[in-house]
Each structure stands twice: as structure tokens, then as C-alpha cells.
Amino acid sequence: MSDRHHGHGHEHHRASPLHRLTHLLTPHSHETADRLDSALESSARGMRALWVSLAVLGVTALAQAAVVVVSGSVALLGDTVHNAADALTAVPLGIAFVLGRRAATRRFTYGYGRAEDLAGIVIVLTIAASAAFAGWTAFDRLLDPRPVEHVPVVAVAALVGFAGNEWVARYRIRVGRDIGSAALVADGLHARTDGFTSLAVLLGAGGSALGWRYADPAVGLAITAAIAFVLRDAAREVFRRVMDAVDPALVDRAERALTAVPGVRGVGELRLRWIGHRLRAEVAVVVDGEATVREAHRVAVEAEHALLHAVPRLTAALVHADPEPVPGAADPHLPLAHHAVR
């Protein structure tokens, strides 16, 4: 039995009048309209975070670029390029949030939430490009070292880069966690790492002030290495999302919620997947083999209800009710056995 209902029906056949009244008066965020409003609001918050951070990082990068022109600091150039690339990652994420608002169609039956995963791939490629450019520039300056001028101004620009990135990191991470967007959280962590690489530029400025002409390109290479570490972490996160990986703790939490539902005698296959910054679930629960269709449906509804309350960011669950096996009886799924993937 598959239980996929719209509006979550809430067929509490055996609930007491008091329970029904309480249920009606209590706000339920998993109702169809509320779930839609919540999804739209989370996308809107994500968009605001992206545009605000784009403006802050854009101003930061422009200020640093002006200092690069007058100072010739390759370390600051690498940091400026990385900051500019980080600011531009707001564009694919913004497009993904806009697409994610569109309703599902007969072709895209799950909607457009996976556009966030595509945006994540674009972000990874952007980070890789900025790492390659920063590394090439630093290596070229090692072969042809030049003095860094206006060292105090370079130091101030590095501090500006750190302040801008740290503010953006805090903002993106907070909003990303609030709306359940792993891509936005990862982008915030990326900005935080950029802030620390900005501080590294201070080392190059200090070395140049002491007369070590290789200090600037050496720090430029160190920044390239830092970007490479960010690239590794970002690529791993995006790969996991594309491969439908979820935190095993969420699976454990879902199983505990299901086993606590009256009428559920066991939990079979349980699958969770992210679609954008929202979760969907598919699960098979074992019910009394002698239960009527209505009784089994009620248990399935209660199981979905429990999942929606227990698993954060879950917006829909498809619950299949299996009859409890009878010793000696044939497996009711036997006709499907030859379709199993081997």
C-alpha cells in the first residue's frame, strides 16, 4: 500500500474529541500550504543572504584591487581574485534558489530543487579556476620577483579582506543553517577560509617590509594551497549531495520516530534524499497482516506524520505498508524478485 496524499489528510479515526480539537488549534508546519510558504520563505531568505554578501564581497574586492594596482602585491592579487570569485558564486546559487521555487511538472516530477546541486558544481569549478590563477601568478612572480610598494596600504587591504569575508561567512552560515541549505553553509565556510587567507597577506607584507623579496610570492603560493584545501572540501560536499548522501543520524532519527508509531511493527527499507535544501523520504513499514486497508492507511498516515515532525527539513514522505510476514507463507513481493537490481 502506498500512501501519498496531498494536504496530509490527517485521518485520525481513533483520536478523542479533545485530541482532534488540540490538533486543529495547533499550527502544523507540514500542511501543504504551510510547507509551500516555508519553502518560498527559505528561498527568499537565501536570496537575501546571497545578494547582501555579494555586495559586501564586491566592495571588498574592489578596495583590494585598487591597492593591488598601486602596490603590485601578488599575494594581495591572489586574495583579491579569490574574493571576487567567491562573490560571483552568489550568481549560480541565486539562479538555483529561483528555479527551486518553480512547481513540479510532468517532466520534472520532483521539482527543480536539484538546481542547487548544479550550482554547487559551478562553485567548485570557480574555486578551482581561482586556485589555478593565483598559483600561476605567484609562480611567475617567484621567477621574476619585484618589490612590493606601499606595504602599509597592503596590510590595511588585507585586514579589509578579512573583515569582509568574516562578516559574509557568519551571515551565510547562519541563514544556511536556518533554511537547511548545505550549499549556502558551505559557501559561508568558504568565505571564512578566504578571510584567513587575507590575514596571510599580512605575512607577505611584513616580509616585504623586512626586505625579503620572495615573501610576497611565497605567501601567494601558500594562499593557493589554502584555496586547494577549500576546493577539496567543497568538492567532497558537492559530490556527497549529488550522490544523495545524508547524515546517518537523520536515518537513525527517522527510524526511532517510525518505531514509536502505534501499529508499526517494523521498519523496512528507509531512504532519505536532499532535493535542494529540502528532504524527501521513502519508507516501508510493517503492519498487522490482518488489518483492513483503512487501518493500514491510518498507520501509514501516522508514520508520515511522525516523520514530518521528527526529521528537520522533511517536506514529504512516501510510506508503503507491508503486511507482517506469516511463517510458511509466500513472500508477497515474490513477483517483483526478477526486477531486482543485481
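Predicted model: local features only at pLDDT ≥ 70, side-chain atom pairs only at ≥ 80, totals over all residues.

Author: By class, the lining of the largest cavity comprises eight nonpolar, five charged and two polar residues. Two or more lining residues come from each of helix 5 (115-143), helix 7 (182-209) and helix 8 (215-242). The greatest contribution is that of helix 5, which supplies six residues. The space within the largest cavity amounts to about 200 Å³, and the structure holds one cavity of 30 Å³ or more.

Helix 5 also has a part in a feature of the surface. Leu-118, Ile-121, Leu-125 and Val-242 make a nonpolar surface patch of about 370 Å². Here again helix 5 gives the most, with three residues. Leu-125 is located in helix 5, and this residue counts as exposed because its relative accessibility is 57%, the cut-off for that class being over 50%.

The charged contacts may be considered next. Side chains of opposite charge can pair when their charged atoms come close. The count of salt bridges in the model is nine. One of them joins the side chains of Asp-117 and Arg-114, with an N to O distance of 2.5 Å. Asp-117 has a relative accessibility of 8% and therefore counts as buried, since that class requires a value under 20%. Arg-114, by contrast, is partly exposed, at 27%.

Arg-114 also forms a salt bridge with Asp-244, at 3.3 Å from N to O. This pair links distant parts of the chain, 130 residues apart: Arg-114 lies in the loop between helix 4 (90-100) and helix 5, while Asp-244 lies in the loop between helix 8 and helix 9 (248-259). Asp-244 is classed as partly exposed because its relative accessibility is 24%. A network of salt bridges links Arg-114, Asp-117 and Asp-244 with Arg-273.

A further salt bridge is formed by Arg-265 and Asp-288, whose closest N and O atoms are 3.7 Å apart. Arg-265 lies in the loop between helix 9 and strand 2 (266-275), and Asp-288 in the loop between strand 3 (278-287) and helix 10 (293-310), so the pair ties together parts that are 23 residues apart in sequence. Arg-265 is partly exposed at 49% relative accessibility, and Asp-288 is partly exposed at 30%.

Methods
Residues numbered from 1 in each chain as written. Heavy atoms only, no water. 1 Å grid on protein atoms, 1.4 Å probe; cavity = no way out; pocket = protein on both sides within 12 Å on 5 of 7 lines; lining within 4 Å. Points joined across faces, edges and corners; volume = space filled by probe spheres on them. Helix = DSSP H or I, 4+ residues; strand = E, 2+ residues; numbered from the N terminus. Nonpolar A, V, L, I, M, F, W, Y, C, P; charged D, E, K, R; others polar. Patch = residues over 30% accessible without salt bridge, like charges linked within 9 Å, V, L, I, M, F, W, Y side chains within 5 Å. Areas by Shrake-Rupley, 256 points an atom, 1.4 Å probe, with all protein chains shown as cover. Salt bridge = Lys/Arg side-chain N within 4 Å of Asp/Glu carboxyl O. Buried < 20%, exposed > 50% of the residue type's maximum accessible area, 1.4 Å probe, protein only.
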